[in-house]
Amino acid sequence: MTVNVFHGLKYFIASKRNLSLPREEQALYEQFVKILDSRGAIQTDKLEDADFLCPAFATIRQQLIAEARDIPLLRLRTVVDYNEVQYNIPLPKKNSEASPWLFNPKECIFDGVYVACGNDLSTGDKEVIIALVLALGGNWDAEITDRTTHFVTVLDNNEKAKKRSDIIRVLPHWIDTCAQLKRPLDEGIYRFPNPTVQTDCMYDGRIKKSAPPKQQIRFTHGMNLAENLMSLAPVSGLLDGFEFRIDDDAPNSQIIRRLIESSGGKVVNKFTLLKAPYNTVNIYICQYRDAPFYSEYLSSGDAVVVSPLWLYYILHTESCISPLQNIFHHPLPVQTLYKDNYSIAITNYVGESRQYLQFLIESLGARYAPALNAETDCLVACQAAGPKYEAAIEWDLLAVNHIYLEYCYAEYNLFTPARIRYLTYQQGGSLLPTVGQQALNLATLRRLDAETNHSDTRLRFKRTNNESTTETSFGPTQKRPRPATVISSLAAEKPATQSPPAMPQYRLLITGVSEFKRLRQVQALISAAPNWEMTEDPLTATHVVARGIYRTAKLLASLAHAPTYLNVSFLTVSAESGTLADPADPRFALHDEETERALGRRLPEILARARVFHAQGGLLQGYTFHLTAGIKGGFEVIDGLIRVHGGNPSVYLAKATSRIAEDCIPSRVVVGTSGEITEKVIMVTIPEQTAFLRAFRKHVPNGLCFSGEWLLTCILKMELDFDESHTLKIA
């Protein structure tokens, strides 16, 4: 007896003419229709009346319309499985909860996976594996068949599986870790004949670095979006059949309009009514979720709501995807979850994934912390390894993976981090390939929009200007001194598993000129120039623009490698001419007669000395420093400057007491065989720290005590002046 498992359900399917199917897929198309009709389904030519749609036989425009109207996307494999096994399970209809029968990228991480288990697994283990695979969109076979894609085993003793080169033999750990993270992971470290997840996780007592990840996300965050849009080239015909309505809050709306029209799209003030065969789709572009028509189009489904980043993505990749597949392809919320002073640091993320997480942190209302200290509230780690992760564990800080932040943003709620999903890492592997896989749920977005419209008290209102050019110093703002073991942002974190990208010829750092009115125009010119790049990293900048030789943290740090210094006229001329000026032009060389006179040294001489010290390891090479609270410039800044100039900032003296342990302050100064001092110990403090000064004098008779002012001046002059007149006296 035939089971009508699709009885009464209406389905929409595009005509073969609209799909332009190859010959081999036309037979599958006809089989698909035959199965549905024979099992009680009813075909409809009105998409809005359909109970489900199969993405395999629908245009991208029809898929976008179906998604906006909350019409389930049924996987092709589901229809075939229903026909073969004749499950008598009712299919979910519109507005139903997530189900493995539906094509839901958020839940179906095992979509297309057919698993068979080895006899070396216990019955209990098999049942758990089968349940996980089925619940997360996969399929299970009692034994190896022609469609089996994965064979789960521990002993790898199945000869039939070994003979099949198309079957991936994996440890059960792969299923378990994927399920815990709800992310599809690469099988590499779990794969036979040489799985490394058990043997490679430890190496000489330390976590072994994993192989470089196979992929990295691209174009998934909104940093420098306006400049990136300006650099885009239109793609002819890509947006044929798309009608766009651009909200006033969308940045660079004129550029967006030009890109749309040049790529075949149409910009309108009012949308055309959708009708079969649905070859036109309405797209509403806005930056924030408080846009005038956001709620209307989100709830009605008359238009697909997207952010400008979605347009940037599809033009850059020349492929159209659902805006719900990436959390930033949908407009940004105008409210924040975290308080302004909540700080989050990240580690082991590089390139686009690092920028993506920085943007995510700021979008949640938290503060991105370039450096980790005891005041940091949370660390987001890609691996359970590295100095930052070890320090976070030692200091009892919250350490989670990026999935926690992504899920909080997607649901826009702060969940408890004490769940295995947010604390799971791959042993000997990296979670980097899973960054950016979090999808959005239309029902959740509608619920959040309804809650926001009815109550503004649950979350604080804050709009984030992601294109701000306000200058910030390196390192987080210090509230109180942190422990000795510091992971500074100036000691650039470059995992050995990731080869550094090629540097542009010119990397421009701008410091002390945030009030320059045409700065954004210059930044756009730099973004469009192939050999130029803006940077906030003083250690990699090739050119630094400043108003004078000021003691800013960035300028002092950049002296460690002596880049070229330019005056503000370089920016002015570039902005006025519309092209970047030649940085080698003598007119743009930085001069500051007043500061140079006070230092007794001109800038070219300072740079010449800096290059010499750079070749020798830095101005402060061979010196150990002890820092106390209250020093001029701030503890974090002084600590970072000591590191980048080759010094060693040692333990932090946490309590003002005259009893300082021998392991806190070295008991002697290292002296060479000929009597010369080979290592100097210097305390940088303030006169009010009398307890520290007395203890330091007692334990280190030959030690030197100076102020933070002394150290900053020495770095600016590129000369250590140990004249007794500069030493601090005990009050």
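**First stop: an enclosed helix**

Select Asn401, which caps the N-terminal end of α14: one of its side-chain oxygens lies 3.1 Å from the backbone nitrogen of Ile403. The model is predicted, so local features need pLDDT of at least 70 and side-chain atom pairs count only at pLDDT 80 or more, while totals for chains, interfaces and linings use all residues. Residues are numbered from 1 along each chain as its sequence is written, and side-chain values use heavy atoms, with hydrogens and water left out.

Now select residues 402-411, helix α14. Helices (H or I, at least four residues) and strands (E, at least two) are DSSP runs, numbered from the N terminus. Ten of the ten residues of α14 are buried, so the helix is largely enclosed by the rest of the structure. Buried means under 20% relative accessible area, exposed over 50%, and partly exposed in between (1.4 Å probe, protein chains only). Among the buried residues of α14 are His402, Glu406, Cys408 and Glu411. Step on to Tyr412, which follows α14 and has a positive phi near 45°.

**Second stop: a parallel sheet**

Select strands β18, β19, β20 and β21. They form an open sheet of four strands in the order β19-β18-β20-β21, with parallel pairing. The edge strands, β19 (532-534) and β21 (564-566), each pair on one side only. Neighbouring strands of this sheet are turned by 25° against each other on average, direction ignored. For such angles, axes are lines fitted to C-alpha atoms, for helices over the stretch in contact, and angles run from 0 to 180 degrees between N-to-C directions.

Zoom in on β18 (residues 506-510), which runs parallel to β19 and is joined to it by three bridges; two strands pair if DSSP finds at least two bridges between them. Which residue of β19 is the bridge partner of Tyr506? It is Trp532.

Select α18 (residues 569-577), whose buried residues are Phe570, Leu571, Ser574 and Ala575. Seen down the axis of α18, these fall within an arc of 125°, so they line one face of the helix; the arc is that of the directions from the helix axis to the C-beta atoms. What covers them includes β18, α16, β19, β20 (543-545) and β21, where contact means heavy atoms within 4.5 Å. After α18 comes Gly578, with a positive phi near 80°.

Select Ala562, in the loop between α17 (553-558) and β21. Its phi is near 55°, a positive value in a residue other than glycine. Is Ala562 buried or exposed? At 9% relative accessibility, Ala562 counts as buried.

Go to Glu318, in the loop between α11 (308-317) and β12 (335-336). Glu318 is not a glycine either, and has a positive phi of about 55°. At 54% relative accessibility, Glu318 counts as exposed.

Then select Phe192 and Pro193, which are joined by a cis peptide bond with omega of about 20°. Pro193 is found in the loop between α7 (172-181) and α8 (225-231).

**Last stop: the whole chain**

Zoom out. The protein chain has 23 helices and 26 strands, and buried residues make up 52% of its 731 residues.

Note on methods: A polar contact is a pair of N or O atoms within 3.5 Å; within protein, one must be able to donate a hydrogen and the other to accept it, and residues adjacent in sequence count only if both atoms are side-chain atoms.
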